[in-house]
Amino acid sequence: MLKHTLFPLSILLFWLWNVQASALAPGQYQISLEDAQGEQFTIAGLSLSAVSDNMMGYTIAWNDAQFDDYFLSMRPFKCLPHPAQLICHLAYPYAIKRQISTSDLTDLEYDLLFLHKTPQEYGINAWNGLYYKLSADNQGLKGELHEVDLNVLQAPPEDGDLRPIDPNELYEASAKHWPRKIFIRPVNPASAK
């Protein structure tokens, strides 16, 4: 009985490993947000290149045509326009390696930080942070929206601390936010195999 149980389990583990491994193949990807109605729009391109056996380096090329320029709380922001809520990219201001693996996508999550505000609000507040928690799937990467207080980024982290955002401080996002998910998919699907 144990032999019959282990065989299907080993096939499942092999399949899961291949799904995760295929999610981070070198190549060109597009980063798209999805709203509650399932409509997607591309906000950036992502280029992945192998750094080691299990690590990928990346660069992001933002699609500036999707964003409007705002000057909020004494600094410039690029924001996605929306009648009910502006979503403004918060460029991560401190050192990160810009390297990811299937088991650690934190650097990329830090490069995809946003703040939200209503169009009527004058400034922008760091406690209105939006964080996409990423995971690998068989088509690339996907992210679920969380809320987080990003005031922790107002002061530089201690030397050597490349992860100042506490994962325990991420909270399920309320329904008021219009971009609900993020998807990172290959521009050429063959590059994800």
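**Figure 1. Cys88 counts as buried in this predicted model, with a relative accessibility of 0%.** Buried means under 20% relative accessible area, exposed over 50%, and partly exposed in between, using a 1.4 Å probe and protein chains only. Cys79 is likewise at 0% relative accessibility and buried. Cys79 and Cys88 form a disulfide with their sulfur atoms 2.1 Å apart, a disulfide being a pair of cysteine sulfur atoms within 2.5 Å. The torsion about the S-S bond of Cys79 and Cys88 is about 105 degrees, so the disulfide is right-handed. A search of the whole structure finds one disulfide. The model is predicted: local features need pLDDT of at least 70, side-chain atom pairs count only at pLDDT 80 or more, and totals for chains, interfaces and linings use all residues. Residues are numbered from 1 along each chain as its sequence is written, and side-chain values use heavy atoms, with hydrogens and water left out.

**Figure 2. The chain has two helices and twelve strands.** Helices (H or I, at least four residues) and strands (E, at least two) are DSSP runs numbered from the N terminus. In order from the N terminus, the elements run α-β-β-β-β-β-β-β-α-β-β-β-β-β. Of the 193 residues in the chain, 41% are buried. Among contacts between residues at least 6 apart in sequence, 57% join residues at least 24 apart, where contact means heavy atoms within 4.5 Å.

**Figure 3. Strands E1, E2 and E3 pair in the antiparallel sense.** Strand E1 (residues 27-35) is joined to strand E2 (residues 40-50) by eight bridges; two strands pair if DSSP finds at least two bridges between them. Tyr29 stands opposite Leu46 in E2. The hairpin of E1 and E2 has four residues between the strands, and Gly38 in the turn has a positive phi of about 90 degrees. On E2, seven bridges make the pairing with strand E3 (residues 56-62). Here Ser47 faces Thr59 in E3, and a hairpin of five residues joins E2 to E3.

Figure 4. Ile184 belongs to the largest nonpolar core. This core has 49 residues, of which Ile43, Leu108, Leu150 and Ile184 touch the most other members. E2 gives the most to this core, with five residues. A nonpolar core is a set of buried Ala, Val, Leu, Ile, Met, Phe, Trp, Tyr and Cys residues joined through side-chain atoms within 4.5 Å. Glu109 is buried, with a relative accessible area of 2%. Glu109 is located in helix H2 (residues 106-111). Not counting residues up to four places away in sequence, Glu109 touches Tyr131, Tyr132, Lys133 and Leu134.

**Figure 5. Met74 and Arg98 have positive phi values.** Most residues other than glycine have a negative phi. Phi of Met74 is near 70 degrees. Met74 is found in the loop between strand E4 (68-72) and strand E5 (75-80), and is exposed at 73% relative accessibility. For Arg98, phi is near 55 degrees. Arg98 lies in the loop between E6 and E7 and is partly exposed, at 32% relative accessibility. Ala95 is in the loop between strand E6 (86-89) and strand E7 (99-100) and counts as exposed, at 55%. Ala95 and Asp161 are 66 residues apart in sequence, with their C-alpha atoms 9.1 Å apart in space.

**Figure 6. Lys78 and Asp69 meet in a salt bridge through their side chains.** The distance is 2.7 Å, N to O; a salt bridge is a side-chain nitrogen of Lys or Arg within 4 Å of a carboxyl oxygen of Asp or Glu. Lys78 is partly exposed, at 33% relative accessible area, and Asp69 is exposed, at 59%. A search of the whole structure finds six salt bridges.

**Figure 7. Arg163 and Asp104 form a salt bridge at 3.2 Å, N to O.** Arg163 lies in the loop between strand E10 (140-148) and strand E11 (171-172) and Asp104 in the loop between E7 and H2, so the pair ties together parts that are 59 residues apart in sequence. Both are partly exposed, Arg163 at 35% relative accessibility and Asp104 with a relative accessible area of 26%.

**Figure 8. Arg185 forms a salt bridge with Asp137, the closest N and O atoms being 2.8 Å apart.** The pair links distant parts of the chain, with Arg185 in strand E12 (residues 179-186) and Asp137 in strand E9 (residues 129-137), 48 residues apart. Arg185 is buried at 16% relative accessibility, as is Asp137 at 12%. Elsewhere, salt bridges that share partners join Asp104, Asp107 and Arg163 into one network.
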